[in-house]
Amino acid sequence: MATLEIRDLHVSVEADGTDKQILTGVDLTIRAGETHAIMGPNGSGKSTLAYAIAGHPKYTITSGTVTLDGEDVLAMSVDERARAGVFLAMQYPVEVPGVSVSNFLRSAATAIRGEAPKLRLWVKEQKEAMSRLEMDPAFSERSVNEGFSGGEKKRHEILQLELLKPKIAVLDETDSGLDVDALRVVSEGVNRVREGGETGVLLITHYTRILNYIKPDFVHVFVRGRIAESGGAELADELEANGYAKYGVETAATPGRSLPTSPVLPGVVTTA
Amino acid sequence: MASSDSATAMQVALSTERDALKATGGVMDGAIATNVKPSTPRRPAGESPADVRPERLRSADPDAFGVPTGREEEWRFTPLARVKPLFDAVPGAAAGLDARIEGEQDGVSFGPVADGDPLLDGLPLPADLLSARAASAPGSTTALRIDKAAELTEAVVVNLTATGDAVLFGHLVIEVGEQARATVVLDHTGDARYVGKTSVLLGDGASLDLVSVQSWGETAVHSEHLAFQVGRDARLRSTQVTLGGSLVRVLETVDFTGPGGDVELRGVSFADDGQHLEHRLLVDHSVPKCRSRVTYKSALQGDQAHTVWIGDVLIRAAAEGTDTYELNRNLLLTPEARADSVPNLEIETGEIAGAGHASATGRFDDEQLFYLQARGIPADVARRMVVRGFFAEVVESIGVPALEERLMATIETELERAFS
């Protein structure tokens, strides 16, 4: 059983020439088969946690450890972490012009599995995975994320999750910008991976909406760079009712409470 | 995004350089970082912007052109020491590249043209001293003729090669008859010092895909004027692929002789240590209702790697209904490389369908690298995928599969060197 252990993690990011501390001591253990939801207001450091685990060069680990089955994740390069079994579904997947989805997926599968999947079997595997996510087969000939709608990008992320079968999957605001249909399709994809029992899921979200589709085993409230409270699924219901006010943050945990839509990123709901 | 798009500017000159990128730290956008710093071209103090406009002298007479000093707008980016042997040489008789055509097809003829042949009248005129010498050298002309209304099913491949220190002059005329359709590949190999002019005549309603590949060896020096004359309702797609050579400088000019012309000029180049690869374009919209699209991409790596792209588009007063857009993208794989990019649009009428340009020069996009690595793909493989993707748009639409494969393989080899 794979286990990701995060101990006393402190992370800073360089902004305007000074180091800004974002994570201030995160402790979390995720085991294969478990689903943990991390909820918190914007700016609390949720995404920083996701990117720090994946190894984005922008973030500096100032202290603490992250291990996967005892192996030091922080000592690994980004691609080594992925090959060790860490997967990050990104909130804003990057466009890679000129690289087709099929080429990208096969290259990733080759890297993760350690050998190129047999072409005929691979084509079938990819086709079936795409069909489960209600994706048009023509999708595979498009350039990675180029011109994709918000929903298409997220389906594409979950497609990779299903094909790459990681030990630990970090889903960074996968629900943002999705309409109800896309949210259902994407959630079903995540649930299929959970049912396999081989993957631990860290679901980062601002809202409780996605938790109607993906039932977490644990809910953690993330405030000011650390976990302020942990509990079961009932903690999400409490956040739904009361927001983050009890943690000293004036913001809602459910959409529809007159939260403005960002003018910069259409379809992404943010709070002021 | 710091690229520029212009629909109405009467004259716009932009220059993008490594120095500008450094100064601002680089801004990432999409495939590549972009950083276009609008700046006035380097010119002596006291000149007005109107003087920036290239002279655009066209003449068959070599004596009409002076020997450049390096201060001219047309020559200011070119390392003159390396092209000096070309200027010092005197054209000899019948000394061009070894030119051979692969296979035979109905409707295609290929061979030398005698001095005084009527074909030589009415060709698009040379635009500089070197091309004037190439076109006027005795016995220098070879012609590839495609008959009227011929519909060629196979690409016509012309292999052009030579090796040695002697400076060679050659003039190739490609005549595509009215309503004919053809694909022509000019494949340059060897290690020559070569001055060429290629005159391309498209008859009314003709359609030509021309691919010119500069796969020169490391010491080759090549100056070329590729002069297109596009007939009424004719369609041209030109693709320049410049990978080899110490110095390659290609000038493409497009003259329209009737309305309805549709021209795409595309190019890719990959500059390594010490290579100077220069592509200059002049699309002269002098008649109504023609369309032009320009897409040039270059990748650079290593010390003293230098690419130059100059895109001049002129829309004359008579050219109402013109539709034009030009795009240049440069990808700096290592910090020492330098890309100069100068789009230049002059518009003398407001009655146009559209006119614009975009130029972006930047470093490798680290976010793309992160995304691919986060899927387990090692950094070197990821870099190759991104650069391959950068070129794929142009190379994989050439339409000659064997050539596409060969070119992508050559690009892969260059990348192996880059990331090894």
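1. Buried means under 20% relative accessible area, exposed over 50%, and partly exposed in between, with a 1.4 Å probe and protein chains only. By that cut-off, buried residues make up 57% of the 420 residues in chain B. The model is predicted: local features need pLDDT of at least 70, side-chain atom pairs count only at pLDDT 80 or more, and totals for chains, interfaces and linings use all residues. Residues are numbered from 1 along each chain as its sequence is written, chains are lettered from A and ligands numbered from 1 in the order in which they are written, and side-chain values use heavy atoms, with hydrogens and water left out.

2. Chain B overall. Chain B has six helices and 19 strands. Helices (H or I, at least four residues) and strands (E, at least two) are DSSP runs, numbered from the N terminus. The accessible surface of chain B is about 15,800 Å² (Shrake-Rupley method, 1.4 Å probe; for residues, only the protein chains shown count as cover). Carbon and sulfur atoms account for 49% of that surface. Contact means heavy atoms within 4.5 Å. Among contacts in chain B between residues at least 6 apart in sequence, 86% join residues at least 24 apart.

3. The interface. The size of an interface is often given as the accessible area lost when the parts come together. Between chain A and chain B, the buried area is about 1,900 Å². That is the accessible area (1.4 Å probe) that two parts lose on being put together, summed over both. Carbon and sulfur atoms give 69% of it. Chain A contributes 33 residues to the contact and chain B 18 residues.

4. Polar pairs across the interface. Ten residue pairs are in polar contact between chain A and chain B, both at pLDDT 80 or more. A polar contact is a pair of N or O atoms within 3.5 Å; within protein, one must be able to donate a hydrogen and the other to accept it, and residues adjacent in sequence count only if both atoms are side-chain atoms. The elements giving two or more residues to the side of chain A that touches chain B include helix 1 (46–54), helix 3 (101–113) and helix 5 (150–164) of chain A. Helix 3 of chain A supplies the largest share, six residues. By class, this side of chain A has 21 nonpolar, eight polar and four charged residues. Here Ala, Val, Leu, Ile, Met, Phe, Trp, Tyr, Cys and Pro count as nonpolar, Asp, Glu, Lys and Arg as charged, and the others, Gly among them, as polar.

5. Salt bridges in total. Side chains of opposite charge can pair when their charged atoms come close. A salt bridge is a side-chain nitrogen of Lys or Arg within 4 Å of a carboxyl oxygen of Asp or Glu. The count is 38 salt bridges over all chains. In chain A, Glu173(A) and Lys46(A) meet in one (3.7 Å, N to O). Glu173(A) lies in the loop between strand 9 (168–172) and helix 6 (180–195), and Lys46(A) in helix 1, so the pair ties together parts that are 127 residues apart in sequence. Both Glu173(A) and Lys46(A) are buried.

6. The bridge between chains. Arg375(B) lies in the loop between helix 4 (366–373) and helix 5 (379–395) of chain B, and Glu157(A) in helix 5 of chain A, so the pair joins two chains. Their side chains meet at 2.7 Å, N to O. The count between chain A and chain B is one salt bridge. Arg375(B) is buried, at 0% relative accessibility. Glu157(A) is buried as well, at 0%.

7. Arg249(B) forms a salt bridge with Asp128(B), the closest N and O atoms being 3.9 Å apart. Arg249(B) sits in strand 12 (residues 247–256) and Asp128(B) in the loop between strand 5 (108–112) and helix 3 (129–136), 121 residues apart. Both are buried. Asp128(B), Arg249(B), Glu278(B) and Arg280(B) are linked in a network of salt bridges.

8. His156(A). This residue is in helix 5 of chain A. His156(A) is buried, at 0% relative accessibility. Its side chain makes a polar contact with the side chain of Asn145(A) (3.2 Å). Not counting residues up to four places away in sequence, His156(A) touches several residues, among them Phe104(A), Met135(A) and Tyr371(B).

9. Ser298(B). This residue is in strand 15 (residues 291–300) of chain B. Ser298(B) is buried, with a relative accessible area of 4%. Its side chain makes a polar contact with the side chain of Asn330(B) (2.4 Å).
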